[in-house]
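Dear colleague,

Please find below the structure that I am handing over to you.

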Amino acid sequence: MASRLDAKVQVAKQKSQSVAQHIDPRAEKTRVLITASFVVLLSRRSYDRIRVSDITRKARVGRATFYAHFASKDALLEAELARVVLPMIEELPDDSCLIDCTRLFAHVQHARDVYRSLMGGATRVVTERIVQDAIATRVTGILAARREAGLAVPEFASRFVASTLLTLLAWSLEQPRELAPIALQDTFRSLVGRALADIYPCCLT
C-alpha cells in the first residue's frame, strides 16, 4: 500500500515539475526575445537572407538556446504563424466562403514589410509553402466540424481555400498602397464562396 502511495506521489511530483518547466518564466522570456528579434529582422530583409546566427545575435542568446526552443528557422516561422496568424482566420458557419480573414488582411496591410519578406527572395517557394500549409491546416480544422455534422465537404476545399488566400495576400502586397481589409475579404468571398457554392450548393452551408 505504501509503495503504491509513494509511486503516486512521485508521479504527481513529476507532473508538477513538468508543468513548472512548461511555464518557466525565464524560458518564456527567452522565447519572446527570439521571436521579437525574428520579426524585427523580417521587417528589414528577406527571409532567405536571415540566418539563425542573425537571430541569436539580435536576441543576445546562444545558438544552443535557440535550438532548445526551435529546431530550425523554418520551425520558428511555423510557430509564429500558429501563434499570431492562424487565430486571425475565423470560421463563418453559415457561409460557403468558410472563413473570415478580415483580421488577417488588416494585419498583413499593417505589417507589409514583414509579409513581403516572406513572399520574396530566393526561398519564396519554400516560405509560401510553409504559409499555405499552415493556412490549410487551420481550414481543415474548421471543416472538420462540418464533416462531423454530416456535410459532404470536398477533400480539396482546404487546399483550394489556402492557395486562394495566399494568392490574394501576395497580390495585395504588390499594390503600391494599403488596401481595405473589408474589400479584400469581399474579394476573397467572391473567389471562394461563389466557387464552392456553385459546385456544392447543398453541402457547405
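Along the sequence, the elements of the chain are arranged in the order α-α-α-α-α-β-β-α-α-α-α-α. In total, the secondary structure amounts to 10 helices and 2 strands. Please bear in mind that this is a predicted model.

Two figures describe the chain as a whole. Of its 205 residues, 40% are buried. Among the contacts with a separation of 6 or more, 68% are between residues 24 or more positions apart.

I would draw your attention to helix α5, which spans residues 73–85. This helix has 13 residues, and the distance from its first C-alpha to its last is 17 Å, close to the 18 Å expected at 1.5 Å a residue. Its buried residues are K73, L76, L77, E80, L81 and V85. These residues lie on the same side of α5, because they cover an arc of only 140° around the axis. As for what covers them, the list includes α2 (25–42), α3 (52–59), α4 (63–69), α6, α7 (112–118) and α8 (124–148).

Which residues does L81 contact, leaving aside its neighbours within four places in sequence? They are L86, P87, I130, V131 and A134.

Helix α6 comprises residues 102–110 and helix α9 residues 157–174; their axes come within 10 Å and cross at roughly 35°. The crossing of α6 past α9 is right-handed. On the α6 side, the residues that meet α9 are L104, F105, V108 and Q109. Their counterparts in α9 are L165, L168, L169, S172 and L173. Sorted by class, this contact has 7 nonpolar and 2 polar residues, and no charged ones.

When you view the model, you might begin with α5 and its buried residues, L81 among them, and then turn to the place where α6 and α9 cross.

With kind regards

Terms used: Residues are numbered from 1 along each chain as its sequence is written. This is a predicted model: local features need pLDDT of at least 70, side-chain atom pairs count only at pLDDT 80 or more; totals for chains, interfaces and linings use all residues. Side-chain values use heavy atoms; hydrogens and water are left out. Axes are lines fitted to C-alpha atoms, for helices over the stretch in contact, and angles run from 0 to 180 degrees between N-to-C directions. Helices (H or I, at least four residues) and strands (E, at least two) are DSSP runs, numbered from the N terminus. A crossing is left-handed if the near helix is turned anticlockwise from the far one by less than a right angle, and right-handed if clockwise. Contact means heavy atoms within 4.5 Å. Ala, Val, Leu, Ile, Met, Phe, Trp, Tyr, Cys and Pro count as nonpolar, Asp, Glu, Lys and Arg as charged, and the others, Gly among them, as polar. The expected span of a helix is 1.5 Å times one less than its number of residues. Buried means under 20% relative accessible area, exposed over 50%, partly exposed in between (1.4 Å probe, protein chains only). The arc is that of the directions from the helix axis to the C-beta atoms.
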